[in-house]
Amino acid sequence: MERKNVLVALGSGGNRIEAHRDLPPGPGRYDCPYCRHPVHLKRGRVKVPHFAHAPGADCPAASEPESPAHLAAKALLAEEFRRLGYHVVLEHPHRKYHRRVDVAVRFPGRSGLTWAAVEVQASPISTAEIIRRERADQAAGYLSTLWCFTGSRIDALLTLRPDVETRVSEEIRFVHRTHTTDVALLDGRTRSLWLAHFAETWRDGSSWYDASGDEQSSSGWSPRTLRTVERTPATFALQTTWVTPNRQRPRWIATFTPA
């Protein structure tokens, strides 16, 4: 069974330690901040530095093993946010809500400092799970959940011309539709951030003559999964944006700032 990986562990004194920075030299005991089971440090020239749960551990905050792209994206976001002077808590656990926020960021909002939950997504996720996480984050006191998609599944979205159609995954379409904002795409290889806007495509209707010689026609339609993509470069700076989410009351949310 593949082990569940985390970027943050508790040291012997109970302090939070990030695998990719400020790691004390020499061997030591590390525990998962959420489930408190032992974790083992994994570092190498190729692998993203991380902690792996010991065999048999059942951590509810790490429901699935995270890919190297996911781990690298979280570390990159934390680094860029800190470069901007934001206070960052990497893998912030909220046991009451059964949540571990990938990157919690405190930044200047409309009424002073506020918290945003930045969620990295490098694999498929159900819309029901997106809703559950967003509701948990709001209950935990975050202004909103900011989704940042990365990994091989967005490669086509990062290179496609604006006039070419492509198939867009359900979770990205869902975030774009319900948040009514552009969707953040993180290219880990170039350490660049993009905001993507998706437009529906259209198929014209057709007409024909039936056996009686009467003209028949069908109306046009939009393919369910095909979209065209327009990309705008973005910075890692956060801002608050007033939106009217689908079937929800208007509110302020956290978004990345266009370059």
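Glu134 belongs to helix α2, which spans residues 127-139. Helices (H or I, at least four residues) and strands (E, at least two) are DSSP runs, numbered from the N terminus. The model is predicted, and local features require pLDDT of at least 70, side-chain atom pairs count only at pLDDT 80 or more, and totals for chains, interfaces and linings use all residues. Residues are numbered from 1 along each chain as its sequence is written, and side-chain values use heavy atoms, with hydrogens and water left out.

Glu134 is buried yet has no salt bridge; Arg251, the nearest side chain of opposite charge, is 5.1 Å away. Here buried denotes under 20% relative accessible area, exposed over 50%, and partly exposed in between (1.4 Å probe, protein chains only). A salt bridge is a side-chain nitrogen of Lys or Arg within 4 Å of a carboxyl oxygen of Asp or Glu. As to charge, Lys and Arg count as positive and Asp and Glu as negative, while His and the chain ends are not counted.

Not counting residues up to four places away in sequence, Glu134 touches Thr145, Trp147 and His179, where contact means heavy atoms within 4.5 Å. The side chains of Trp147 and Glu134 make a polar contact at 2.8 Å. Such a contact is a pair of N or O atoms within 3.5 Å; within protein, one must be able to donate a hydrogen and the other to accept it, and residues adjacent in sequence count only if both atoms are side-chain atoms.

Trp147 is found in strand β10 (residues 145-149). Because its relative accessible area is 2%, Trp147 counts as buried. Beyond its neighbours within four places in sequence, the contacts of Trp147 include Glu119, Arg133, Val175 and His179. Trp147 and Val183 are 36 residues apart in sequence and 7.4 Å apart in space, C-alpha to C-alpha.

**Helix α4**

In helix α4 (residues 170-179), eight of the 10 residues are buried, among them Phe174, Val175 and His179. The buried residues of α4 pack against α2, β10, α3 (155-159), β12 (183-187), β13 and β16. Just after α4, Thr180 takes a positive phi of about 55 degrees.

**Strand pairing around β16**

Strand β16 covers residues 226-243. Two strands pair if DSSP finds at least two bridges between them. The antiparallel pairings of β16 are tabulated below.

| Partner of β16 | Bridges |
|---|---|
| β11 (residues 166-167) | two |
| β13 (residues 192-200) | eight |
| β17 (residues 251-258) | seven |

**Salt bridges**

A search of the whole structure finds 17 salt bridges. Arg99 forms one with Glu119, the closest N and O atoms being 3.1 Å apart. This pair links distant parts of the chain, with Arg99 in strand β8 (residues 99-109) and Glu119 in strand β9 (residues 112-121), 20 residues apart. Arg99 and Glu119 are both buried.

Asp137 and Arg99 also meet in a salt bridge (3.1 Å, N to O). Asp137 lies in helix α2 and Arg99 in strand β8, 38 residues apart. Asp137 is buried, as is Arg99. Salt bridges that share partners join Arg99, Glu119, Glu129, Arg132, Arg133 and Asp137 into one network. In the salt bridge between Asp163 and Arg161, the closest N and O atoms are 3.3 Å apart, and both residues are exposed.

**Whole chain**

The chain has four helices and 17 strands. Of its 259 residues, 47% count as buried.
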